[in-house]
Amino acid sequence: MQRTLLIALLLVTAAAGQTRHIVAISHRGEHLHHPENTIPAFEEAIRLGADFIEVDVQTTSDGKLVLSHDATVNRCTNGQGKVSELTFDQIEALDAGIKSGPEFAGTRIPTFDQVLRLARGKIGVYVDVKSASPQELVSHIEGQGMTDHVVIYCNLGIAKQLQQLNPRLRVMPEATDVAHAKLLIEQLHPKVIAFGASDFKPEVIAAVKEGHTEIYVDLMGATDAPEGWQSAIDAGADGIQTDRPGTLVEYLKQKGYK
(Lines give C-alpha, C1' and ligand atoms only; values in the text may rest on other atoms or scores of the structure.)
Protein backbone atom coordinates (compact mmCIF):
# COMPACT_ATOMS: atom_id res chain seq x y z
CA MET A 1 0.00 0.00 0.00
CA GLN A 2 2.75 2.46 0.96
CA ARG A 3 4.67 1.64 -2.22
CA THR A 4 1.56 2.35 -4.27
CA LEU A 5 1.05 5.67 -2.52
CA LEU A 6 4.65 6.70 -3.11
CA ILE A 7 4.45 5.83 -6.81
CA ALA A 8 1.24 7.85 -7.05
CA LEU A 9 2.98 10.77 -5.33
CA LEU A 10 5.86 10.67 -7.77
CA LEU A 11 3.46 10.59 -10.73
CA VAL A 12 1.57 13.58 -9.36
CA THR A 13 4.84 15.40 -8.77
CA ALA A 14 5.98 14.73 -12.31
CA ALA A 15 2.65 15.85 -13.73
CA ALA A 16 2.54 19.00 -11.61
CA GLY A 17 6.12 19.76 -12.54
CA GLN A 18 6.94 23.38 -11.99
CA THR A 19 3.61 24.38 -10.43
CA ARG A 20 4.75 23.29 -6.94
CA HIS A 21 6.08 25.84 -4.48
CA ILE A 22 9.07 24.64 -2.48
CA VAL A 23 9.91 26.44 0.75
CA ALA A 24 13.54 27.51 1.30
CA ILE A 25 14.57 27.44 4.98
CA SER A 26 17.80 29.19 5.95
CA HIS A 27 19.52 27.14 8.68
CA ARG A 28 20.56 29.47 11.55
CA GLY A 29 20.22 32.31 9.07
CA GLU A 30 22.92 32.71 6.41
CA HIS A 31 25.58 31.36 8.73
CA LEU A 32 28.37 30.34 6.35
CA HIS A 33 29.42 33.98 5.99
CA HIS A 34 27.73 35.53 9.05
CA PRO A 35 27.66 34.59 12.75
CA GLU A 36 24.93 31.99 13.23
CA ASN A 37 21.66 32.82 14.98
CA THR A 38 22.36 36.56 14.85
CA ILE A 39 20.62 39.54 13.28
CA PRO A 40 23.22 39.90 10.47
CA ALA A 41 22.70 36.25 9.47
CA PHE A 42 18.93 36.67 9.47
CA GLU A 43 19.04 39.93 7.53
CA GLU A 44 21.14 38.26 4.85
CA ALA A 45 18.69 35.34 4.61
CA ILE A 46 15.89 37.85 4.08
CA ARG A 47 17.92 39.64 1.39
CA LEU A 48 18.57 36.35 -0.39
CA GLY A 49 14.87 35.57 -0.58
CA ALA A 50 14.53 32.61 1.80
CA ASP A 51 11.02 31.77 2.99
CA PHE A 52 12.02 30.93 6.58
CA ILE A 53 14.88 31.52 8.96
CA GLU A 54 15.58 28.67 11.38
CA VAL A 55 16.26 29.84 14.95
CA ASP A 56 17.27 27.92 18.09
CA VAL A 57 15.53 29.09 21.26
CA GLN A 58 17.04 28.74 24.74
CA THR A 59 16.07 30.18 28.13
CA THR A 60 18.42 32.15 30.40
CA SER A 61 18.61 31.65 34.15
CA ASP A 62 16.25 34.58 34.66
CA GLY A 63 13.68 33.35 32.14
CA LYS A 64 14.50 35.33 29.00
CA LEU A 65 14.27 33.67 25.57
CA VAL A 66 17.44 34.05 23.52
CA LEU A 67 18.95 32.34 20.49
CA SER A 68 21.71 29.74 20.72
CA HIS A 69 22.04 26.39 19.00
CA ASP A 70 24.33 25.02 21.71
CA ALA A 71 23.44 24.66 25.38
CA THR A 72 26.60 26.70 26.10
CA VAL A 73 27.89 29.98 24.69
CA ASN A 74 31.44 28.61 24.36
CA ARG A 75 31.60 27.88 20.62
CA CYS A 76 30.05 31.03 19.19
CA THR A 77 30.94 33.82 21.63
CA ASN A 78 33.83 35.20 23.64
CA GLY A 79 32.25 33.81 26.82
CA GLN A 80 31.87 30.54 28.65
CA GLY A 81 29.00 28.79 30.39
CA LYS A 82 25.56 27.33 29.94
CA VAL A 83 22.82 29.58 28.63
CA SER A 84 20.52 28.22 31.34
CA GLU A 85 22.98 29.30 34.04
CA LEU A 86 23.68 32.80 32.71
CA THR A 87 21.46 35.83 33.27
CA PHE A 88 20.14 37.84 30.35
CA ASP A 89 22.50 40.70 31.22
CA GLN A 90 25.45 38.30 31.09
CA ILE A 91 24.28 36.92 27.73
CA GLU A 92 23.74 40.41 26.34
CA ALA A 93 27.30 41.41 27.24
CA LEU A 94 28.84 38.65 25.08
CA ASP A 95 30.29 39.15 21.61
CA ALA A 96 28.61 36.66 19.29
CA GLY A 97 30.32 37.93 16.15
CA ILE A 98 34.03 38.22 16.76
CA LYS A 99 34.72 34.54 16.06
CA SER A 100 33.22 34.97 12.58
CA GLY A 101 35.55 37.85 11.73
CA PRO A 102 36.50 41.34 12.90
CA GLU A 103 33.77 42.87 10.73
CA PHE A 104 31.20 41.23 13.02
CA ALA A 105 32.78 42.30 16.31
CA GLY A 106 30.19 43.53 18.76
CA THR A 107 27.33 41.43 17.34
CA ARG A 108 25.05 40.35 20.18
CA ILE A 109 23.03 37.25 20.87
CA PRO A 110 19.51 38.30 19.91
CA THR A 111 16.38 37.76 21.92
CA PHE A 112 13.51 35.76 20.48
CA ASP A 113 11.42 38.94 20.39
CA GLN A 114 14.05 40.80 18.37
CA VAL A 115 14.06 38.12 15.72
CA LEU A 116 10.27 37.88 15.57
CA ARG A 117 10.10 41.67 15.09
CA LEU A 118 12.76 41.55 12.39
CA ALA A 119 10.93 38.76 10.55
CA ARG A 120 7.42 40.23 10.73
CA GLY A 121 6.20 41.02 7.23
CA LYS A 122 9.45 39.81 5.66
CA ILE A 123 10.05 36.11 6.33
CA GLY A 124 8.69 33.14 8.26
CA VAL A 125 10.37 31.78 11.38
CA TYR A 126 11.18 28.08 11.87
CA VAL A 127 11.45 27.78 15.65
CA ASP A 128 13.67 24.97 16.93
CA VAL A 129 12.75 24.55 20.58
CA LYS A 130 15.97 23.77 22.44
CA SER A 131 14.94 24.85 25.93
CA ALA A 132 11.81 26.94 26.35
CA SER A 133 8.40 26.49 27.93
CA PRO A 134 5.39 26.25 25.60
CA GLN A 135 3.65 29.08 27.49
CA GLU A 136 6.61 31.43 26.99
CA LEU A 137 6.91 30.55 23.31
CA VAL A 138 3.23 31.19 22.66
CA SER A 139 3.27 34.44 24.61
CA HIS A 140 6.15 35.85 22.56
CA ILE A 141 4.87 34.61 19.20
CA GLU A 142 1.38 36.01 19.82
CA GLY A 143 2.81 39.21 21.26
CA GLN A 144 4.75 39.87 18.07
CA GLY A 145 1.83 39.06 15.78
CA MET A 146 3.58 36.03 14.28
CA THR A 147 1.10 33.23 15.03
CA ASP A 148 0.46 32.53 11.35
CA HIS A 149 4.08 32.96 10.29
CA VAL A 150 5.97 30.36 12.33
CA VAL A 151 6.48 26.62 12.32
CA ILE A 152 7.62 25.06 15.58
CA TYR A 153 9.98 22.09 15.59
CA CYS A 154 9.44 20.19 18.82
CA ASN A 155 8.62 16.81 20.33
CA LEU A 156 5.14 15.33 20.64
CA GLY A 157 4.63 16.45 24.25
CA ILE A 158 5.51 20.08 23.58
CA ALA A 159 3.48 20.04 20.37
CA LYS A 160 0.37 18.97 22.27
CA GLN A 161 0.84 21.76 24.81
CA LEU A 162 1.35 24.34 22.07
CA GLN A 163 -1.80 23.23 20.27
CA GLN A 164 -3.79 23.49 23.49
CA LEU A 165 -2.49 27.02 24.08
CA ASN A 166 -3.11 28.16 20.50
CA PRO A 167 -4.61 25.73 17.96
CA ARG A 168 -3.62 28.04 15.08
CA LEU A 169 0.09 27.45 15.63
CA ARG A 170 1.77 25.11 13.18
CA VAL A 171 3.64 22.52 15.21
CA MET A 172 6.23 20.46 13.34
CA PRO A 173 7.38 17.26 15.07
CA GLU A 174 9.88 14.97 13.37
CA ALA A 175 8.96 11.68 11.73
CA THR A 176 11.40 8.96 12.78
CA ASP A 177 9.69 5.92 11.29
CA VAL A 178 6.34 4.87 9.86
CA ALA A 179 4.74 4.06 13.22
CA HIS A 180 5.81 7.36 14.77
CA ALA A 181 4.71 9.34 11.73
CA LYS A 182 1.25 7.78 11.93
CA LEU A 183 1.09 8.50 15.67
CA LEU A 184 1.94 12.17 15.08
CA ILE A 185 -0.72 12.50 12.41
CA GLU A 186 -3.34 10.75 14.55
CA GLN A 187 -2.69 12.82 17.66
CA LEU A 188 -1.73 16.21 16.23
CA HIS A 189 -3.11 16.42 12.67
CA PRO A 190 -0.12 18.66 11.85
CA LYS A 191 0.08 20.66 8.64
CA VAL A 192 3.78 19.85 8.32
CA ILE A 193 6.23 17.25 9.63
CA ALA A 194 10.00 17.59 9.82
CA PHE A 195 12.39 15.06 8.34
CA GLY A 196 16.08 14.52 8.91
CA ALA A 197 18.30 12.53 6.54
CA SER A 198 17.72 9.31 8.49
CA ASP A 199 13.90 9.68 8.32
CA PHE A 200 13.68 10.55 4.64
CA LYS A 201 12.76 7.11 3.38
CA PRO A 202 10.03 6.14 0.88
CA GLU A 203 7.86 4.30 3.39
CA VAL A 204 7.95 7.17 5.93
CA ILE A 205 7.34 9.76 3.22
CA ALA A 206 4.35 7.75 1.99
CA ALA A 207 2.89 7.52 5.51
CA VAL A 208 3.09 11.28 5.94
CA LYS A 209 1.65 12.04 2.51
CA GLU A 210 -1.21 9.66 3.22
CA GLY A 211 -2.03 11.96 6.15
CA HIS A 212 -2.13 14.97 3.78
CA THR A 213 0.78 16.53 5.62
CA GLU A 214 3.62 18.56 4.13
CA ILE A 215 7.29 17.62 4.55
CA TYR A 216 10.18 19.92 5.43
CA VAL A 217 13.49 18.07 5.17
CA ASP A 218 16.97 18.98 6.41
CA LEU A 219 19.63 18.74 3.71
CA MET A 220 23.14 19.41 5.00
CA GLY A 221 26.60 18.49 3.81
CA ALA A 222 26.88 16.56 0.54
CA THR A 223 23.12 16.53 -0.08
CA ASP A 224 22.91 20.33 0.21
CA ALA A 225 23.37 20.85 -3.52
CA PRO A 226 21.22 20.85 -6.68
CA GLU A 227 21.23 17.07 -7.12
CA GLY A 228 20.23 16.53 -3.48
CA TRP A 229 17.59 19.25 -3.60
CA GLN A 230 15.97 17.86 -6.73
CA SER A 231 16.07 14.32 -5.38
CA ALA A 232 14.29 15.49 -2.23
CA ILE A 233 11.68 17.42 -4.23
CA ASP A 234 11.04 14.42 -6.47
CA ALA A 235 10.61 12.23 -3.38
CA GLY A 236 7.96 14.55 -1.93
CA ALA A 237 9.67 17.38 0.00
CA ASP A 238 7.67 20.60 0.25
CA GLY A 239 10.43 22.52 2.02
CA ILE A 240 14.21 22.25 2.30
CA GLN A 241 16.38 23.43 5.17
CA THR A 242 19.76 24.47 3.81
CA ASP A 243 23.11 25.96 4.74
CA ARG A 244 23.17 27.59 1.28
CA PRO A 245 20.01 29.71 1.10
CA GLY A 246 21.13 31.97 -1.75
CA THR A 247 22.04 29.09 -4.03
CA LEU A 248 18.90 27.13 -3.13
CA VAL A 249 16.63 30.11 -3.79
CA GLU A 250 18.21 30.65 -7.21
CA TYR A 251 17.84 26.96 -8.03
CA LEU A 252 14.17 26.95 -7.05
CA LYS A 253 13.55 30.03 -9.17
CA GLN A 254 15.26 28.47 -12.19
CA LYS A 255 13.17 25.33 -11.85
CA GLY A 256 9.92 27.24 -11.35
CA TYR A 257 9.43 26.14 -7.74
CA LYS A 258 9.56 29.68 -6.34
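Which residue just after helix 4 takes a positive phi of about 80 degrees? That's Gly-121. Before going further, a word on what you're looking at: this is a predicted model, where local features need pLDDT of at least 70, side-chain atom pairs count only at pLDDT 80 or more, and totals for chains, interfaces and linings use all residues. Residues are numbered from 1 along each chain as its sequence is written, and side-chain values use heavy atoms, with hydrogens and water left out.

Let's start with the overall picture. The protein has 10 helices and 9 strands, where helices (H or I, at least four residues) and strands (E, at least two) are DSSP runs numbered from the N terminus. Its radius of gyration is 18 Å, which agrees with the value near 18 Å that a compact globule of 258 residues would have; the radius is taken over C-alpha atoms, and the globule rule is 2.2 Å times the number of residues to the power 0.38. The C-alpha trace spans about 55 × 40 × 30 Å along its principal axes. Of the 258 residues, 53% count as buried (buried is under 20% relative accessible area, exposed over 50%, partly exposed in between, with a 1.4 Å probe and protein chains only). Among contacts between residues at least 6 apart in sequence, 55% join residues at least 24 apart, a contact being heavy atoms within 4.5 Å.

Now back to helix 4 (residues 112-119). Here 6 of the 8 residues are buried, so this helix is largely enclosed by the rest of the structure. The buried ones are Phe-112, Asp-113, Val-115, Leu-116, Leu-118 and Ala-119. What covers them includes helix 2, helix 5 and a set of strands: strand 2 (52-59), strand 3 (65-67), strand 4 (124-129) and strand 5 (150-153).

Helix 5 (residues 134-143) is worth a stop too, as it holds Pro-134. With a relative accessible area of 11%, Pro-134 is buried. Leave aside its neighbours within four places in sequence, and Pro-134 is in contact with Ile-158, Gln-161, Leu-162 and Leu-165. Glu-250 lies 116 residues from Pro-134 along the chain, and their C-alpha atoms are separated by 36 Å.

Next, some backbone angles. Most residues other than glycine have a negative phi, and most peptide bonds are trans. You'll find Asn-37 in the loop between strand 1 (23-26) and helix 2 (39-48), where it counts as buried at 3% relative accessibility. His-189 also has a positive phi, near 50 degrees, and sits in the loop between helix 7 (178-188) and strand 7 (192-195). At 61% relative accessibility, though, His-189 counts as exposed. Helix 8 itself (residues 202-210) has Val-204, Ile-205, Ala-206, Ala-207 and Val-208 as its buried residues.

Finally, the aromatics. A search of the whole structure finds 4 aromatic pairs. One of them joins Trp-229 and Tyr-251, a tilted pair at 5.7 Å centre to centre with 55 degrees between the planes. Rings of Phe, Tyr and Trp (its six-membered ring) pair if their centres lie within 6.5 Å, and planes under 30 degrees apart count as stacked, over 60 as edge-to-face and the rest as tilted. The pair links distant parts of the chain, with Trp-229 in helix 9 (residues 226-235) and Tyr-251 in helix 10 (residues 245-254), 22 residues apart. Trp-229 and Tyr-251 are both buried.
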